[in-house]
Amino acid sequence: MSTYQESWQQWRDDPEGFWAEAAASLVWSRPWDRVLDSTQAPFYRWFAGAETNTCYNCVDRHVDEGRGEQAALIYDSPVTGTVRSYTFRELQSEVARFAGVLVALGASKGDRVVIYMPMIPETAIAMLACARIGAIHSVVFGGFAAEELAKRINDARPRLVLSASHGIETRRVVEYKPLLDSALELAHCKPEHCVVFQRENSTAKLVPGRDIDWQRALDTAEPQDCVPVAATDPLYILYTSGTTGVPKGVVRDNGGHMVALKWSMQNIYGAQPGEVYWAASDVGWVVGHSYIVYGPLLNGNTTVLFEGKPVGTPDAGVFWRVIEQHQVKTFFTAPTAFRVIKKEDPHGDLLKTYDTGCLRALFLAGERADPDTIQWAENHLQVPVIDHWWQTETGWPQAANPLGLGLLPVKYGSATVPVPGFDIQVLDEHAAPVPAGHTGALAIKLPLPPGCLQTLWQDDQRFIDSYLAEFPGYYATADAGFIDEDGYVYVMSRLDDVMNVAGHRLSTGGMEEVIANHQSIAECAVLGVKCPIKGQVPIGLAVLKTGADIGETELEQEVVAMIRHDIGPLASFKHLRVVTRLPKTRSGKILRGTLRKIADGEPYTMPATIDDPVILDEIACVLDTVNLERLP
Ligand code: COA
Ligand code: AMP
């Protein structure tokens, strides 16, 4: 029996005992009354009755246990030419002082704090400072525009918003403060204060009375100790895209989250305390929360916070430079990052100029890892390349090749096996399990293990409707796939109208809501179509209002600008085509699945319910005119 099988069986035989054992490696100020509280099912709560503090376990405990002089966080920013390191002791001091800023501005346990910041150490410090005082942070990715930020502010109703003067996108400076100001104009919920970090060479204009200068506030701040919070109290809210333009506020607790992440660091990633761990993502996404900030720090690892891109900062060798310079042992990124590197440096010439011998493994997630990309990375890096599957909602991988438990044989195209805690099943539309090798909806039997979402922020009903109602007794992942005879999980596509662009999850419905506001457009559909670099990109199809007098190019430019303005540049919306009508079922539902297949050049069967089959030929011709980026 492999160690993985032993671990799986141990969890199967006694799930509560399994997680209690994992929890013993963390520090609790009060023990739990029950490992799993099922009394309010389907709202399960882990480690009920316990008290703890996530910041203590990430930072202070390492100082108390003799790791104070080890690097906790390395900030590597090729866009500003900075490399700066913080020991655990220095991080403790920075976090305690910034917690003092929050407290001085009236924030306390349970208050929400929205963080809209670039990839700078202050962002991680702010997150940990919130955790320190029991405030609930909600980080909003910097690529979102004012409107999206406003939606999140309205939902989270924060006491404070933390921001910075600007971010840097390769060479383009993105002024954050004007975006924040417009978001606050749009939002009906107004925070009491905004604390603004002024980056070098820029001074964002502060609104007197409302805005506070970060550094000035820090100069007079009283350091704060960690406040005990209930294990079941929320640590953070992270908004993610659903099928509509209204984002879902995923709520994560303190106790279960710590237990799951710490267990995953050792058993999935095989990371030992003291090693350097690097997740090249952004703190605005779940990968950034779990594996730039919390996971590595909980495990006593040095984490790398990288402000740059895989190419262009300055070239496709930057990942290898960072690995060599900081002696990274475990590296994690999205397949799209490797696809752009492969495009720029197909033979890995830049890689040959660095020594990446320190690297133990590369982990890929955020989208399906195509076998070509995995093999390219394997050949060039000469380390195991591990595809693993997870979601904002689960917060940590539900399927992986668990390096820490001993690698299993690789099957290209599969995220390997279910992680202990996740009973993954493939279900048909009647919620019945399908045989091995057959495709269906991927669902996870309840209860979900520690670390997964507790609910959606202030919307228990939406949590039930979105995830639990379709398959009673299961959490619906919204992914489709199959499990083969050896138990390997294959994740093939989303079942809903969510697309995955460069590892970023975006709502087609959200884009349609924006496009529908154009005065010349009667109706529209947005499709996520295959792109060799970004995995998927959006393409819009629009039907004009009768009498609308606008050229297609002009319309495309206007719609591209609207999406950029309302959702943000990360939507990567660049293509809109005009069609005479959209194909629908007789009951009026747009045939998105068929449209996507046409766009991807896949075979499709004519839906029996289509109202006008001829329109599909017209759309196929129109989509042919869209020129997506192609690999050489
Ligand atoms: N703030 C402001 N704008 C941002 C932003 C941020 N934090 N992040 C992205 N954007 C902008 C980009 O500048 C780009 O703008 P443009 O249309 O003016 O060029 C747009 O949003 C699209 O961004 P992206 O999809 O990231 O495209 P890109 O061409 O800049 O980079 C990759 C493509 C593949 C290099 C990049 O997406 C990447 O490194 N992805 C892998 C890692 C990752 O972050 N994964 C996420 C989850 S694991
Ligand atoms: P996010 O919530 O942004 O992390 O996106 C989660 C979605 O990304 C999942 O529901 C999948 O559709 C997709 N995804 C993440 N990892 C993988 C993977 N390893 N293989 C296939 N799809 C993945």
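How do the residues of the lining of the second largest cavity divide into nonpolar, polar and charged? They comprise six nonpolar, six polar and three charged residues, and the legends below place that lining beside the other sites of this predicted model. Residues are numbered from 1 along each chain as its sequence is written, and chains are lettered from A and ligands numbered from 1 in the order in which they are written. In this predicted model, local features need pLDDT of at least 70 and side-chain atom pairs count only at pLDDT 80 or more, while totals for chains, interfaces and linings use all residues; side-chain values use heavy atoms, with hydrogens and water left out.

**Figure 1. The second largest cavity.** About 110 Å³ of space lies in this cavity (on a 1 Å grid over the protein atoms alone, a set of points where a 1.4 Å probe fits but cannot get out; lining residues have an atom within 4 Å of a point). Its volume is the space filled by probe spheres set on the points, which are joined across faces, edges and corners. Glu-148, Ser-241, Gly-245, Ser-507 and Gly-510 are the closest to the centre among the 15 lining residues. At least two lining residues come from each of α6 (146-156), β29 (504-507) and α15 (508-515), and α6 has the largest share, with three. Helices (H or I, at least four residues) and strands (E, at least two) are DSSP runs, numbered from the N terminus.

**Figure 2. The largest cavity.** The structure holds four cavities of 30 Å³ or more, and the largest contains about 130 Å³ of space. It is lined by 13 residues, of which Tyr-44, Leu-448, Cys-452, Leu-453 and Gln-454 lie closest to its centre. The lining has nine nonpolar, two polar and two charged residues (Ala, Val, Leu, Ile, Met, Phe, Trp, Tyr, Cys and Pro count as nonpolar, Asp, Glu, Lys and Arg as charged, and the others, Gly among them, as polar).

**Figure 3. The second largest pocket.** The volume of this pocket is about 400 Å³ (a pocket is an open set with protein on both sides within 12 Å along at least five of seven lines). Of its 29 lining residues, Glu-470, Ala-476, Ala-478, Leu-495 and Asp-496 lie nearest the centre. β26 (474-483) is one of the elements that supply at least two residues; with five, β26 gives the most to the lining. Ten nonpolar, nine polar and ten charged residues make up the lining.

**Figure 4. The surroundings of ligand 1.** Glu-169, Arg-172, Lys-309, Lys-534 and Arg-564 come nearest among the 24 residues around ligand 1 (a residue is near if one of its heavy atoms lies within 4 Å). A backbone N or O atom of Gly-142 lies 3.3 Å from a nitrogen atom of the ligand, and a polar backbone atom of Pro-569 is 3.4 Å from an oxygen atom of ligand 1. The protein covers 83% of the 930 Å² of accessible area that ligand 1 has on its own (Shrake-Rupley method, 1.4 Å probe).

**Figure 5. The surroundings of ligand 2.** Among the 15 residues that surround ligand 2, the closest are Asp-387, Thr-392, Asp-479, Arg-494 and Arg-505. A polar side-chain atom of Asp-387 is 2.7 Å from a nitrogen atom of ligand 2, whereas a polar side-chain atom of Arg-505 lies 2.7 Å from an oxygen atom of the ligand. Of the 490 Å² of accessible area that ligand 2 has on its own, the protein covers 93%.

Terms used. A polar contact is a pair of N or O atoms within 3.5 Å; within protein, one must be able to donate a hydrogen and the other to accept it, and residues adjacent in sequence count only if both atoms are side-chain atoms.
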